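I went through strands, loops and cavities in turn.

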Amino acid sequence: MRATRGSEAGVLASGWPRTTIICVVGLISSFLSALLLALIKGLLDPLKILTIGFIGIWLPAIIFSMLQSLTIGGNVMNLRRSMTNVSVLINFILLASIVGLIAHVLGADITIEEVILMGTALAASFNALIYRYMTGNSLAISGATSIIWPILALVASALALNGSISNINYFKILLVIIIMAIPAIIISKGIDRLSEKLVGMSAKKVFRAYITNWLTGAKEDLESVFNHVGVDSEVICNLLCISAPQGSLIGVIAVPYVHPGPLKNIGSSSLPPDLIFTIESICKTKALSFHGFTTHASDITSSRDYQLFLDQIARELSQPLSPPLNGPSSRLVRINVNGLSVGCHLIKGLPLVFVSADKVGVEDISERLRIEVEGEIEKAYGVKPILINAHNSYEEEPRMDLEKLKKGIIDVIGLAFKNSSYDPIKIGIGRVKPAHYGKSYGLGDAGIGALIIEFKGLKYCYLMIDANNAEKKFRSTITSMVKSLGYNDCELFTTDNHSIVHLKGVKAKRGYYILGEKIKAEELSNTVKRTLEEAEASLQDANVIYKTVKVKAHVLGDIGHKSIENLMDQAVQKFRSLGLTTYGLALITSLLLCALA
């Protein structure tokens, strides 16, 4: 889901150093516009060109940005963001200058002031749209404020060129501003109708909520949007309490069928570390969390319901433990399914199944597949499997044949049962937080964990890293490194943590770093070794107590998930299609008006 995976980091999220650079680029664009405009009038005076660029184009834009941030900017469009915004929009004046020069060469009678008017009116129209969706103000308020820009620019350019404003045609100014305003109205109405149709609320409210969360971290408005499109459901968390023969806990493994999301600070976005820390605070032992078969449809959208979910898990773990499982165990069995590696480890009669990348990438795996597999395995073996998505090799929109994957999962569980026995099984758990790497590197607060399983002399390592996916090379490098330490097999698991999304300073287009992008596997080798040492220190004959926690909660839901995603995609498409047509016609109409009137 593009809307919840993290969106591209835009210029408005920049700090003052980047804003300063953008303003300087805007100034250069203003000088280029002035140079082109000078050719229209035949001006060869460099000082005059610099004066037009600075006083006639750039300075009015900066003054306007200050006025706008003070009047309608609110907490989102502060001075820095407002200056960044207008410095980018100044490029529309450069576009108008190019069009004006071409028109002049073709014989049109047009003045420098008129071209500046067209360019700033075009930029102001875009500005009104931006402010409407970023601040939540009506288009009328954003538009009325935006009119100040072309008026300031026209007056400043007239003074710079002629030393007087007596020759300004105010009626022509009004007509050009109205013509340029029409596209903003058409686009705004079109996107609003689309939003009402798809999510049942104003696009202004939806986009403002997203942007406010992205830029300020405020979550209330966006949570309200997700709650509006979401549904009531039952969320599940599987808990495997690993205990020593004498009864003391070795550790706890959690596999929630709740998705970490939708976005930073919203709902269950920080589920993996929250869950791990909740369990460790109650059980006083190490805990790990693995990503279940879930999509963004299983995001808990309500902060209240999310806290109730964590509280119920804490209450369940505070109760006396039930008798341990008494079934057979197996070695790790793997098969390949269409480029994916599907593994099963039978632990005391409970199938622990994972789907990992191999030749192809892996993303979220649907709830429908989980339910179908659970039904068939329960019918065949009398137990529901624990289904884990390793989420360990990023690929944009990976294609998975769910029917073949379902068959592969059922087959690998069958192989595990076929090769099972009642021999003792040893389990150890460790978790370490890297000292020098955190969220800005794509690593969540839960750090790195290891689950070590030894059965009949064979030793396996499940390496958990609190992150949102990984590069293929990172996976292969780190698993090879672990296997070189004497383990028969190793697999990497990421938690799909969404609290690392939309962080300031992240340059990745998706809005977050995957493992291997900013931090390499070799840089984590010492932390991984420390984690393995901790897990090895707790490795011993183990019993497994299995608990399932179920809680009613408001989730995004499949329809809500698709509706939000469709709105984002279709709104961009509509803006592009309508914008190109309407603004193109507006620019041509304004040019004809100025040339003929």
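How many of the residues of strand β6 are buried? I counted 8 of 8 in β6 (residues 350-357), so defined that buried means under 20% relative accessible area, exposed over 50% and partly exposed in between, with a 1.4 Å probe and protein chains only. Strands here are DSSP runs of E with at least two residues, helices are runs of H or I with at least four residues, and both are numbered from the N terminus.

Before going on I noted the ground rules. This is a predicted model, in which local features need pLDDT of at least 70 and side-chain atom pairs count only at pLDDT 80 or more, while totals for chains, interfaces and linings use all residues. Residues are numbered from 1 along each chain as its sequence is written, and side-chain values use heavy atoms, with hydrogens and water left out.

**Entry: β6 and its sheet**

I looked at the two faces of β6 separately. In a regular strand the side chains alternate between the two faces of the sheet. On one side of β6 I found Leu-350, Leu-352, Phe-354 and Ser-356, and on the other Pro-351, Val-353, Val-355 and Ala-357; all are buried.

Next I looked up the neighbours of β6. Two strands pair if DSSP finds at least two bridges between them. Strand β5 (residues 340-347) pairs with β6 in the antiparallel sense, over 8 bridges. Leu-340 has Ala-357 of β6 as its bridge partner, and His-345 stands opposite Leu-352. The hairpin of β5 and β6 has 2 residues between the strands, and Lys-348 there takes a positive phi near 55°.

Strand β7 (residues 386-389) runs parallel to β6 and is joined to it by 4 bridges. I noted Asn-389 in β7 as the bridge partner of Val-355. Right-handed here means that, with the strands pointing away from the viewer, the path from the first strand over the helix to the second runs clockwise.

What is the order of the strands in this open sheet? I read β4-β5-β6-β7, 4 strands with mixed pairing. β4 (333-337) and β7 are the edge strands, each pairing on one side only. From one strand to the next the twist averages 20°, where axes are lines fitted to C-alpha atoms, for helices over the stretch in contact, and angles run from 0 to 180 degrees between N-to-C directions.

**Entry: β10**

I then turned to strand β10 (residues 458-465), where 6 of 8 residues are buried. Strand β9 (residues 448-455) runs antiparallel to β10, with 8 bridges joining the two. Gly-449 stands opposite Met-464 in β10. Between β9 and β10 the hairpin has 2 residues, and Lys-456 in the turn has a positive phi of about 55°.

β10 also pairs with strand β11 (residues 489-494), in the parallel sense and over 6 bridges. Leu-463 has Leu-492 in β11 as its bridge partner. The chain crosses from β10 to β11 through helix α16 (residues 472-483), and this β-α-β crossover is right-handed.

**Entry: loops**

Which residues join at a cis peptide bond? I found Gly-261 and Pro-262, with omega about 5°. Pro-262 sits in the loop between β2 (249-256) and α12 (271-283).

I also checked for positive phi in the loops. Asn-338, in the loop between β4 and β5, has a positive phi of about 50° although it is not a glycine. Asn-338 is partly exposed, at 48% relative accessibility. Asp-496, in the loop between β11 and α17 (525-537), has a positive phi near 65° and is likewise a residue other than glycine. Is Asp-496 buried or exposed? Asp-496 is buried, because its relative accessible area is 2%.

**Entry: cavities**

I used a 1 Å grid over the protein atoms alone, where a cavity is a set of points where a 1.4 Å probe fits but cannot get out, and lining residues have an atom within 4 Å of a point. Grid points are joined across faces, edges and corners, and a volume is the space filled by probe spheres set on the points. I got 3 cavities of 30 Å³ or more. The largest cavity holds about 50 Å³. Its lining includes Asn-338, Leu-340, Arg-399 and Asp-401.

Note on methods:
1 Å grid on protein atoms, 1.4 Å probe; cavity = no way out; pocket = protein on both sides within 12 Å on 5 of 7 lines; lining within 4 Å.
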